[in-house]
Amino acid sequence: MFNLKRLLPLFFIVLSCKTYSQNKQLLYGFAEIPQTLLLNPGAETNYKFHAGLPLLSGFSSEFGATGFTITDLFTIDNRSINNKVSEVLNKLTAKDHIKFNTQIEILNAGFRFNDKNYVSFGFYQEIDAIIYIPKDPLNLIIEGNTGYLNKNFDVSQILFKADALGVLHFGVTRQVSDKFTFGARFKMYSSALNIESSKNSGTFTTVNGSDNMYIHYLDNVNVNVKTSGLVANDEYVDTLKTYLANTFLGSNIGIGIDVGFTSHLSDQLEFTGSILDLGFIKHKKNSKNLFIKGSYKFEGIKFGYNPDNSINYWNDLEEDFTEKVPNGDNQDSYISWRPTKLNTSLKYSFGQKRSKYCYDNSYKAFYRNAIGVQLYSIFRPLTSQWALTGFFEKSFTEKLHAKVTYTLDDYSFYNIGAGFSAQIGKLNFYGMIDNIVQFSDIASANSVSLQLGINIIFN
Amino acid sequence: MLINKLSLILFCFLVITSCVKNLDFSQIEEYSISPEYTVSLTYFTILPFQFFNKAGVQEAEKSDITDFRVFENSNVRDKLVKLHFYVEIKNEFDRDLTLQISFLDDNMNVTHRFNDLKVIANNLNYQFDETIDVSANPNIKSTTKVRVVVIDNSAKPLNDSAKTEFEFKSSVNIYMNV
């Protein structure tokens, strides 16, 4: 117990670093850290060259859940785990979900091509998963149908998506004018694993019958589960090496693009925006898809008592069911869309004006303080998720900056985060903690994230 | 070196200040689910003419049988705890009828048999239920067939054109522990 309790914070820290497919309100637009280019390829940069330290520049993860916390299930309170699970399930809805994201940056570097253009590129591996709570199917499995006569168990609540992939990216950030910077990043995805189920429909219902005691209905059921990379040659792929290999230019390739901009509306007012991961992956190798579709009414097996026409009732039932509710698997190729993200911000700078050294041997003026708002959205299978952030930035010196955020999202109404960026010599170091209020009891938090990174930057 | 020290300090700070209060993940080992499923079983309606064979001779019993391969599913077989059968019968016949309900394996050996159900004449609301505790009757899991025999021991002649009905309905509650 002691070890577990001590290890859990570490687990969260290790698994809660930078997350590119999640909201990184602290990192977005902050202190010209090179990684902000992955959140907005149109972010301004003032350095000649940067290189992230492999592994140290970008190992990250994030866990989030709505409707319940780890404490709800595993706190020591002498209540049975069965009761606690039941209580959690009772208060969850089909809109509640669990998400998980982890990422490791293998390579991240960039250089100034000329006065106007900054080129950045890299490669990272990512696992991204979200599962919505299939409340009705879970109730059917856990409690059965006996206590739920006339209830429509809705199988459309089966909704999840999990990806493991590698992303090779190349971007250009162009300073169009003193007041406007635009950038775009081309991405090539290589999927190692995809499992998803969406756009399902149908219900299962048990009602009182007339000819027999009950009637069971499968009504317009249409459920599919698509997978790629999970099964090869009719065997499950269970070697990490295979998955890792497939993240780099494997057989299931996709493309995507990030675009973004920074616009100075005035000397003190800055407006930014970006669209990330506008792309898809074509899964055409090692795919295995499961499906079931149709409607069926089952009232029991009706005996005919006809000695002249002996009937194999069970076989007839199986054949009739298969005919009316075809089910099975196939190896059809399919397309999965990446979870596209939107970011936008409005920042007002104020206070003492300072200057900093730039790549072109000039000095650029900056204000020591800034406040602003950011809006983030990610397209998820059920609905878009939104987060609204207010922030305050403070530059203590040219090379030491801090940012504090307050975020409203699906997971919390009191998410306060803080971060800093420091440059010591050529080394840039930054650290950011999200959801500080819950940090004293991480297990009671609906989401936790932390971002750390080290870069080498040449001004 | 300075960066490494800063990283170490930050990690230590987070480990020290972050906390997980009073959690015990081993509770999950005690978690179990006990679903209860209600499923319709066999049903039928017999009319007097069905007691007559091709030659027009009245027979004393009628028998029918079906495969019942639910227990071939290992998930069901291994997690099965209890079965609770319900039967409802409406006997409009002018005579007592007896039902024999037997559960059989592939070799037609009886794995379980209910006591004979004796339904008196014109009983329109006969009900029967029986619980089978699987741990005490493990043979039930070998069941692959169900046979229902309707017996007329009265030896009284039937009017084969009569519309009186013998109606049989059944269901089972399946209790599992996973």
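Reader: Before I look at any detail, what ipTM and pTM does the predictor give the complex?
Author: The predictor gives the complex an ipTM of 0.86 together with a pTM of 0.81. For chain A the mean pLDDT is 87, with 92% of its residues reaching 70 or more, and for chain B the mean pLDDT is 88, with 88% of its residues reaching 70 or more.

Reader: And where in chain A is confidence lowest, and where is it highest?
Author: Confidence in chain A is lowest in helix 1, where the mean is 38, and highest in strand 8, residues 201–208, at 97. Over residues 1–21 of chain A the pLDDT stays under 50, although the model has 56 contacts beyond four places in sequence for that stretch. Where pLDDT is low, the predicted coordinates should not be read in detail.

Reader: OK, how many helices and strands does chain A have?
Author: The secondary structure of chain A comes to six helices and 25 strands. Its C-alpha atoms fill a box of roughly 100 × 50 × 45 Å, taken along the principal axes. Buried residues make up 39% of the 459 residues in chain A, and among its contacts between residues at least 6 apart in sequence, 68% join residues at least 24 apart.

Reader: What about chain B, in what order do its elements run?
Author: Chain B has two helices and nine strands, and from the N terminus on they run α-β-β-α-β-β-β-β-β-β-β. Of its 178 residues, 22% count as buried. Among the contacts in chain B with a separation of 6 or more, 81% are between residues 24 or more positions apart.

Reader: Which strands make up the open sheet with mixed pairing?
Author: That open sheet has five strands in the order 15(A)-1(B)-9(B)-3(B)-7(B), so the order itself names strands from both chains, and the pairing is mixed. Its edge strands are strand 15 (301–302) of chain A and strand 7 (126–133) of chain B, each of which pairs on one side only.

Reader: How does strand 15 of chain A run against strand 1 of chain B, parallel or antiparallel?
Author: Strand 15 of chain A and strand 1 of chain B run parallel and are joined by two bridges. In strand 1 of chain B, the bridge partner of A:Lys302 is B:Tyr43.

Reader: And how many bridges join strand 1 to strand 9 within chain B?
Author: Nine bridges join strand 1, residues 36–46, to strand 9, residues 166–176, and these two strands of chain B run antiparallel. B:Thr38 stands opposite B:Asn173 in strand 9, and B:Ile46 has B:Phe166 as its bridge partner in that strand.

Reader: Which residues touch the most other members of the largest nonpolar core?
Author: Of the 21 residues in that core, the ones that touch the most other members are B:Phe44, B:Leu97, B:Leu99, B:Val148, B:Val150, B:Phe166 and B:Phe168. Strands 1, 3, 4, 8 and 9 of chain B are the elements that give two or more residues to this core, and strand 4 of chain B supplies the largest share, five residues.

Reader: Going back to chain A, where does A:Gly29 lie, and why does A:Gly29 count as buried?
Author: A:Gly29 lies in the loop between helix 1 (2–14) and strand 1 (49–52) of chain A. A:Gly29 counts as buried because it has 27 C-beta neighbours inside 10 Å, where the cut-off for a buried residue is 20 or more. Beyond four places in sequence, A:Gly29 touches A:Thr36, A:Asn40, A:Ala43, A:Thr272, A:Ser345 and A:Lys347. The C-alpha atoms of A:Gly29 and A:Asn139, which are 110 residues apart along the chain, are separated by 44 Å.

Reader: Last one, how many residues of helix 6 of chain A are buried?
Author: Of the 12 residues of helix 6 of chain A, one is buried, so the helix lies largely in the open. Helix 6 covers residues 313–324 and reaches 16 Å from its first C-alpha to its last, close to the 16 Å expected at 1.5 Å a residue.

Notes:
Residues numbered from 1 in each chain as written. Chains lettered and ligands numbered in written order. Predicted model: local features only at pLDDT ≥ 70, side-chain atom pairs only at ≥ 80, totals over all residues. Helix = DSSP H or I, 4+ residues; strand = E, 2+ residues; numbered from the N terminus. Contact = placed C-beta atoms within 7 Å. Pairing = 2+ DSSP bridges. Core = buried A, V, L, I, M, F, W, Y, C linked by C-beta atoms within 7 Å. Expected span 1.5 Å × (residues − 1). pLDDT = per-residue confidence, 0-100.
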